[in-house]
Amino acid sequence: MYIAPSLLAANFLRLEEEIRAVEDAGADLLHIDVMDGHFVPNLSFGPCVIEKISSISKLPLDVHLMVENVSNFVDLFIPLKPKFISFHIEADAHPIRLCEYIRSHNIHPAIVLNPHTSLSALKHLMEFVDMVLLMSVNPGFGGQKFLPLVYEKIKELRQMIDEKNAKIFIEVDGGVNGLNASDLELAGADILVAGSYIFSSNDYKSAISSLKLEF
């Protein structure tokens with residue numbers, strides 16, 4: 001299990017310190033939510049902030065675009081060479097073209113599905129993506145409760161991937177904590193995004209270890 005702390009829940013006044021703390025605590029990636037105030041009713045990190053983050057962290061960046069006009073935003077982040085750039089299937093009319101464009105820059109393309117979006121939306125996309133991010137809350141704000149309906153969605157997606165013998169990571173974002181991590185792994189998740197659970201903890205290492213099921 002890979003763990004990607006969501007910086008949306010970090011203390012922005014101590015962001016460099018927070019990043020170094022989760023690195024030392026065993027994080028595998030840094031999950032960065034980019035919000036435009038249109039696709040979701042919130043604003044967050046822009047490319048200037050993420051450029052600074054990439055300059056101080058050795059962890060791969062997992063950039064999650066919650067935006068309209070996705071292709072315009074992709075060009076802002078390609079120069080930073082994140083490991084993943086994920087975008088919502090609901091926000092782009094030509095997802096195959098955009099996935100191919102992202103991959104042409106040696107970045108792994110990923111598709112995001114909101115809780116209500118059917119897995120059938122992936123039917124003609126799976127050969128073009130390296131990761132599917134399943135939202136387990138409605139996107140836009142941290143600290144929300146996990147939606148149990150996503151368990152079945154993870155299981156179905158894992159079956160779809162295995163049937164195609166595809167190499168696609170399943171990432172889950174929203175309400176992830178030490179109580180549901182084992183069920184998420186059992187369902188088939190590979191990467192867990194956790195914000196409040198980690199950054200509100202007094203011990204980041206213990207919080208991350210509990211998500212990796214290491215005790």
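Phe45 counts as buried, at 7% relative accessibility (buried means under 20% relative accessible area, exposed over 50% and partly exposed in between, with a 1.4 Å probe and protein chains only). This is a predicted model, in which local features need pLDDT of at least 70, side-chain atom pairs count only at pLDDT 80 or more, and totals for chains, interfaces and linings use all residues. Residues are numbered from 1 along each chain as its sequence is written, and side-chain values use heavy atoms, with hydrogens and water left out.

**Aromatic pairs**
- The structure holds 5 aromatic pairs (rings of Phe, Tyr and Trp, the last by its six-membered ring, pair if their centres lie within 6.5 Å; planes under 30 degrees apart count as stacked, over 60 as edge-to-face and the rest as tilted).

**Tyr2 and Phe169**
- Tyr2 and Phe169 make an edge-to-face pair, with 6.2 Å from centre to centre and 85 degrees between the planes.
- This pair links distant parts of the chain, 167 residues apart: Tyr2 sits in strand S1 (residues 2-5) and Phe169 in strand S7 (residues 169-173) (helices, H or I, of at least four residues and strands, E, of at least two are DSSP runs, numbered from the N terminus).
- Tyr2 is partly exposed at 42% relative accessibility, and Phe169 is partly exposed at 32%.
- Together with Phe84, Tyr2 and Phe169 form one aromatic cluster.

**Phe12 and Phe45**
- The ring centres of Phe12 and Phe45 lie 5.3 Å apart with planes at 55 degrees, so this pair is tilted.
- Phe12 is in the loop between S1 and helix H1 (15-24), and Phe45 is in the loop between strand S2 (30-35) and helix H2 (47-56), so the pair ties together parts 33 residues apart in sequence.
- Phe12 counts as partly exposed, at 47% relative accessibility.
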